[in-house]
Amino acid sequence: QFTVERCICIEGNIASGKTTCLEYFRKTSNIEVLTEPVSKWRNVRGHNPLGLMYQDPTRWGITLQTYVQLTMLDRHLSAISAPVRMMERSIYSAKYIFVDNLYRSGKMPEVDFAVLSEWFEWITQNIAIPVDLIVYLQSSPQTCHERLKERCREEEKIIPLEYLEAIHQLYEDWLIKKTSFNVPAPVLVISADDDLQKMLHQYEENREKILSGSN
Ligand code: DCP
């Protein structure tokens, strides 16, 4: 076992290409790569909180987001198998982007937002969750919408462009303008609208910066 020397979080909109980025580094570097536990969100003891949330966010938003917060915490704290860890999203974006979006768009009752916020604040004040670098895959909501349609994940068929625009705006405020919430680490911005070949090229070009954990 190793102690975590560096933790790099890959952030970006839905279908911005985070998985492709993680898979690229998994294949080409000796690092630990943790993808998002989305399969768990689609099946917890036979239930699908992700699907339920998209069908009725007001009723099921807190259900999904409580579980997302747990699985993210588990990821951040899990024993590491290499000195450098790269992971998809973080407990921070779960709260600052997705929970906030549900609440601000009027889809989450205030009491649910309050309970999730209390949980989040307790966790982040009592448990060290070190992040050394955030890689922000900056994409246009239109590109994500196209990729989403191509990917055809059953639960996501009903996601409208406006939803991706709202997520995009929250990411921009958080990581580019830095006007909304605490940014827990330096941010490296990579534009993510290009096709696959160009994206892989960009990852190669930025490899040192990313793996050395600085921007
Ligand atoms: N999701 C959510 N709340 C969160 C985190 C994710 O509702 N706190 C949803 C959004 C997506 C699904 O979970 O419908 C998976 O999200 P990602 O965008 O993280 O995963 P992708 O596989 O879409 O990423 P990418 O295409 O960039 O690899």
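What covers the buried residues of helix 1? The cover includes strand 1 (6-12), strand 2 (32-34), strand 3 (84-88), strand 4 (133-138), helix 9 (196-205) and helix 10 (207-211).

This is a predicted model, in which local features need pLDDT of at least 70, side-chain atom pairs count only at pLDDT 80 or more, and totals for chains, interfaces and linings use all residues. Residues are numbered from 1 along each chain as its sequence is written, and side-chain values use heavy atoms, with hydrogens and water left out.

## Helix 1 and the cores

Helices (H or I, at least four residues) and strands (E, at least two) are DSSP runs, numbered from the N terminus. Buried means under 20% relative accessible area, exposed means over 50%, and partly exposed lies in between (1.4 Å probe, protein chains only).

Helix 1 spans residues 18-28, and its buried residues are Lys18, Cys21, Leu22, Tyr24 and Phe25. Seen down the helix axis, these buried residues fall within an arc of 155°, so they line one face of helix 1. The arc is that of the directions from the helix axis to the C-beta atoms.

In soluble globular proteins, nonpolar side chains tend to be buried together. A nonpolar core here is a set of buried Ala, Val, Leu, Ile, Met, Phe, Trp, Tyr and Cys residues joined through side-chain atoms within 4.5 Å. The largest such core has 47 residues, and Ile14 and Trp174 have the most contacts inside it. Helix 5 (residues 91-104) gives the most to this core, with eight residues. A second, separate core has 20 residues, among them Val33, Val135, Ile190 and Ala192.

Contact means heavy atoms within 4.5 Å. Leaving aside neighbours within four places in sequence, isoleucine 14 is in contact with Tyr54, Arg89, Phe98, Cys144, Leu148, Arg151, Glu156, Ile159, Tyr163 and Leu164.

## Two residues with positive phi

One of the contacts of isoleucine 14 is Arg89. Arginine 89 lies in the loop between strand 3 and helix 5. Its phi is positive, about 55°, although arginine 89 is not a glycine. Arginine 89 counts as buried, at 6% relative accessibility.

Cysteine 152 also has a positive phi, near 60°, and is a residue other than glycine. Cysteine 152 sits in the loop between helix 7 and helix 8 (161-176). With a relative accessible area of 47%, cysteine 152 is partly exposed.

## Salt bridges

Side chains of opposite charge can pair when their charged atoms come close. A salt bridge is a side-chain nitrogen of Lys or Arg within 4 Å of a carboxyl oxygen of Asp or Glu. The whole structure holds 10 salt bridges. Three of them are tabulated here.

| Arginine 85 | Glutamate 32 | 2.7 Å |

Glutamate 32 and arginine 85 form a salt bridge. This pair links distant parts of the chain: glutamate 32 is in strand 2, arginine 85 is in strand 3, and they are 53 residues apart. Both partners are buried. Glutamate 32 has 11% relative accessibility. Not counting residues up to four places away in sequence, glutamate 32 touches Ala79, Ile80, Ser81, Ala82, Val84, Arg85 and Met86.

Arginine 42 lies in helix 2 (residues 38-42) and glutamate 155 in the loop between helix 7 and helix 8, so the pair ties together parts that are 113 residues apart in sequence. Arginine 42 is partly exposed, with a relative accessible area of 31%. Glutamate 155 is buried, at 11%.

Lysine 149 is in helix 7 (residues 141-151). At 49% relative accessibility, lysine 149 counts as partly exposed. The C-alpha atoms of lysine 149 and isoleucine 8 are separated by 28 Å, and the two residues are 141 residues apart along the chain.

Valine 111 is in helix 6 (residues 110-126). Valine 111 counts as exposed, at 55% relative accessibility.
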